[in-house]
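Here's a quick briefing to read alongside the model. Start with the fold as a whole, then move on to the sheet and the confidence values.

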Amino acid sequence: MPSATLNLRLSPRRMLSAREAAEYVGLPVKRLPVDCRVPPIAMPGGKQLYDIRDLDSWIDSLKDGRRDDDDDILERLSG
């Protein structure tokens with residue numbers, strides 16, 4: 001009987017490092033802050049992490065053809 005292999009990549013954590021976030025969205029780490037309009041979140045202790053839900057929303061906006069304008073970006077950055 002033939003067998004099949006299924007490769008799944010699961011991220012059990014909500015917050016990702018820049019390297020993990022870049023891998024998740026398919027960008028090189030150096031291009032992440034340039035191409036991805038999702039700012040990292042300052043965590044206690046000073047670590048900067050990316051919320052996977054924000055990354056998903058950004059990807060969905062690309063699929064929908066929506067682009068962030070400067071006001072949207074500034075609003076998100078000011079929190």
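**Quick look at the fold**

In the protein chain, 47% of the contacts between residues at least 6 apart in sequence join residues at least 24 apart. Keep in mind that this is a predicted model. The protein chain has four helices and three strands, and going along the sequence they follow the pattern β-α-α-β-β-α-α.

**The sheet**

- The three strands make an open, antiparallel sheet, in the order E1-E3-E2.
- Out at the edges sit strand E1 (15–16) and strand E2 (41–42), each pairing on one side only.
- Strand E3 (residues 48–51) runs antiparallel to E1, and two bridges join them.
- Across from Asp-51 in E3 you'll find Met-15.

**The helix across it**

- Helix H3 (residues 52–64) lies across E1, E2 and E3.
- Relative to E3, helix H3 runs at about 55°.

**Burial and surface**

- The protein chain has 79 residues, and 20% of them count as buried.
- Its accessible surface comes to about 6,400 Å², with 52% of that belonging to carbon and sulfur atoms.

- Mean pLDDT for the protein chain is 87, and 82% of the residues reach 70 or more.
- Among the elements, E3 has the highest mean pLDDT (98), while helix H4 (residues 70–78) has the lowest (64).

Technical notes:
Residues are numbered from 1 along each chain as its sequence is written. This is a predicted model: local features need pLDDT of at least 70, side-chain atom pairs count only at pLDDT 80 or more; totals for chains, interfaces and linings use all residues. Side-chain values use heavy atoms; hydrogens and water are left out. Two strands pair if DSSP finds at least two bridges between them. Contact means heavy atoms within 4.5 Å. Axes are lines fitted to C-alpha atoms, for helices over the stretch in contact, and angles run from 0 to 180 degrees between N-to-C directions. pLDDT is the predictor's confidence in each residue, from 0 to 100. Buried means under 20% relative accessible area, exposed over 50%, partly exposed in between (1.4 Å probe, protein chains only). Accessible areas come from the Shrake-Rupley method with a 1.4 Å probe; for residues, only the protein chains shown count as cover.
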